[in-house]
Amino acid sequence: MNFKSDNCAGAHPKITENLAANASGFAASYGASDVDRRAEEMFCDLFGRQVAVFFVGTGTAANALAMTAVNRPGGVVFCHPQAHIFEDECGAPEYFTGGARLAGVDGAFGRMDPDGLVEAIGRHPADFVHNGQPMAVSITQSTEIGTLYAPGDIDAISTIGRKNGLPLHMDGARFANALVALDLTPAAMTVERGVDIVSFGGTKNGCWCAEALVFLDPDMAADVPFLRKRAAHLFSKSRFIAAQFEAYLADGLWLELARHSNAMATALAEGLAASSNCRLAWQPEANEVFPVIKRQTAARLVDAGAEFHEWPMPSFGGEKLGDDEMLCRLVTSFATTEEDVARFCEIAG
């Protein structure tokens, strides 16, 4: 019963098979192989336009390089204070950009508040050199607390960005989970919403280690080949990342895996909502569930082999924890089984 993270799940057999199929023989290095080209074309088909794709090994690299590509002297990136790029990347965006800052723009349920974004940008007037200058907006889809930016939410943020000359970046570590939950096409969640750059994740949804940095306007990516090389993320055997994406995107596998993951989260949430020892802190919208669980119940679950994280309560909700309660994060994946969900809910009572 591993609900710690979708990072803990293994790789899907079809992805493993394609890695094995590309493991023998010789192929051009540094992104010039046939499988690299095929995977890049799949991304163009996915977004319905010519895009620039850069394969990297981690989501942190994708996010940090995205910010580096749009960096400005004294640059400021606006993002939610619970975003992964803000809290969980050990200062990588600041490091790779050589000193750009991240400014938190709060909002309920893990989503940046548009009015707050306007106010935050306004604190950096163009003629006031001491505050630095705005350079980008970044949103996380799905968010770090398992909620979603609906199309209208993205529209509102991208409109503000456009008015201020700021590109919009989407951290899509769980891009597939958000996409199937919203029942959108990739273009409808990005291109049509005014998103400029996507960190497109595969690792959390069945790949070994496969992330892609996608520029929806290739002209924005002129310097990225050099930035990626300097950042040590130009893999000599890049075909092994490309081969993962080739299998991942073929025949809708990536969407199938995300639908399963989301369905397991829904079943888990329904089971825990019916428990006398648990309650949902908020409704899950993708593949992360945040229940409030009695500590005695949580200990019983751990003793039975369940793995999950205790989580800090966000500031937005008005939820009050009792002395005998804890907020937990449960993450489902393509490898989560109905049996594990049922057993967890049964033990939770």
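**View A. Helix H1 passes helix H11 in a right-handed crossing.** A crossing counts as right-handed if the near helix is turned clockwise from the far one by less than a right angle, and as left-handed if anticlockwise. The model is predicted: local features need pLDDT of at least 70 and side-chain atom pairs pLDDT 80 or more, while totals for chains, interfaces and linings use all residues. Residues are numbered from 1 along each chain as its sequence is written, and side-chain values use heavy atoms, without hydrogens and water. H1 (residues 13-21) and H11 (residues 239-249) pack at about 140°, with axes 8 Å apart. Axes are lines fitted to C-alpha atoms, for helices over the stretch in contact, and angles run from 0 to 180 degrees between N-to-C directions. H1 and H11 are therefore oblique to each other, a class left after under 35 degrees (roughly parallel), over 145 (roughly antiparallel) and 65 to 115 (roughly perpendicular).

**View B. Strands S1 to S7 form an open sheet of mixed pairing, in the order S1-S7-S6-S5-S4-S2-S3.** Strands (E, at least two residues) and helices (H or I, at least four) are DSSP runs numbered from the N terminus, and two strands pair if DSSP finds at least two bridges between them. S1 (52-56) and S3 (101-104) are the edge strands, each with a single partner, so one side of each has no neighbour in the sheet. The twist averages 25° from one strand to the next.

**View C. Strand S2 (residues 75-79) runs parallel to S3, joined by 4 bridges.** Val76 stands opposite Arg101 in S3.
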